[in-house]
Amino acid sequence: MRQFDINEDPHRRFNPLINEWVLVSPHRAKRPWQGQKEAVNTIALPKYDPECYLCAGNVRANGEVNPAYESSFVFENDFAALKQEEIAFDGNEKRSFFKAQPERGISRVVCFSPRHDLTLPEMEVDGIVNIIHTWQKEYTTLGSVDYINHVQIFENKGSVMGCSNPHPHGQIWAQSSLPTQVQKTQDSLKAYFDKNGTNLLQDYLQQELLKKERVVVENDHFAAIVPFWAIWPFETMIISKRHITKITDFTEDEVIAFAEVLKKLTTKYDNLFETSFPYSSGIHQAPTDGEEHPEWQFHMHFYPPLLRSASVKKFMVGYEMMGESQRDITPEKSAEMLRNLSDVHYKQK
């Protein structure tokens, strides 16, 4: 019986953040691909699009006119997934198979820049710093609403990720409940803290920084890594080195350092296949329920779908839907590929 080779043999890896496993099948990366290929958009966007409902000065779908904003711009989502009004509810949960409850919240859109043609990797660090300051303000403002217990900051980049408008923007959904993935993370972080008296992600990051196998970008305050348990081919996670529970805990040096890591990481993404790299990203941080949460550590997830090229993506189907998440290329190989890419955007070469 031969010895197990983690780089070649099928195996499962445990994700302590959400208490789930992922199947890793490295040998499958060698299979030929005759499946679907995504159309790659090579059309250069203009700096300003008169038809874009997010550009400065333009009319949105609801008839409101955007101001002539010069940096970031936040507005209430015209087609909000959550509503603010309070709804009467009797709380009858005896019908166990048909359990439901109203969910109250606020949905906002954050335009990153008035420039229609810029994404994060093509912005200057100062511009990204402004976005971070906007996120801080929104986290504070929304989190102070009495019924808001969670503020989810996220971005969907690229049409393959369901983004309906190419103008650089993200969203913020603030709600009364902890969403399912956040609740899983909350439970895992709390259980680890109660058992060990230390912070799970701080302990994990220290081990990653010693091994260096999955580190992609690093500075004095943050590290971007491919998690040991990553599901998506080029999934990454940015973790603060200092114990920070929420984005409003940042010093100004940490704001700049976070902006620098965001720019370098997303630049490497674009450089990988020399395309505007699609992803869904989101910040996970302490709930806004008024409680202390020493178990939390600020981190940001990036989930990009691309697998082999700009036109071939990873599908979460079949076994992933019926069994558990599965990946082909190992996290170590993904980290190596990203780490070795230039920090200079391919369009600037």
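Reader: What makes the length of helix α4 close to the one expected?

Author: Helix α4, residues 252–273, has 22 residues and reaches 33 Å from its first C-alpha to its last, close to the 32 Å expected at 1.5 Å a residue. The expected span is 1.5 Å times one less than the number of residues. Helices here are DSSP runs of H or I with at least four residues, strands are runs of E with at least two, and both are numbered from the N terminus. One thing to keep in mind: this is a predicted model, where local features need pLDDT of at least 70, side-chain atom pairs count only at pLDDT 80 or more, and totals for chains, interfaces and linings use all residues. Residues are numbered from 1 along each chain as its sequence is written, and side-chain values use heavy atoms, leaving out hydrogens and water.

Reader: Why is α4 called mostly covered?

Author: Buried means under 20% relative accessible area, exposed over 50%, and partly exposed in between, with a 1.4 Å probe and protein chains only. In α4, 17 of the 22 residues are buried. Just past the helix, Glu-274 takes a positive phi of about 50°.

Reader: How do you know that strand β10 is largely enclosed?

Author: Count its residues: 6 of the 6 in β10 (279–284) are buried, so the rest of the structure largely encloses the strand. In a regular strand, side chains alternate between the two faces of the sheet. Here Tyr-279, Ser-281 and Ile-283 on one side are buried, and so are Ser-280, Gly-282 and His-284 on the other.

Reader: What makes β5 and β11 partners of β10?

Author: Two strands pair if DSSP finds at least two bridges between them. Strand β5 (150–157) is joined to β10 by 5 bridges, running antiparallel, with Asn-156 opposite Ser-280. Strand β11 (299–303) is also antiparallel to β10 over 5 bridges, and there His-284 stands opposite His-299.
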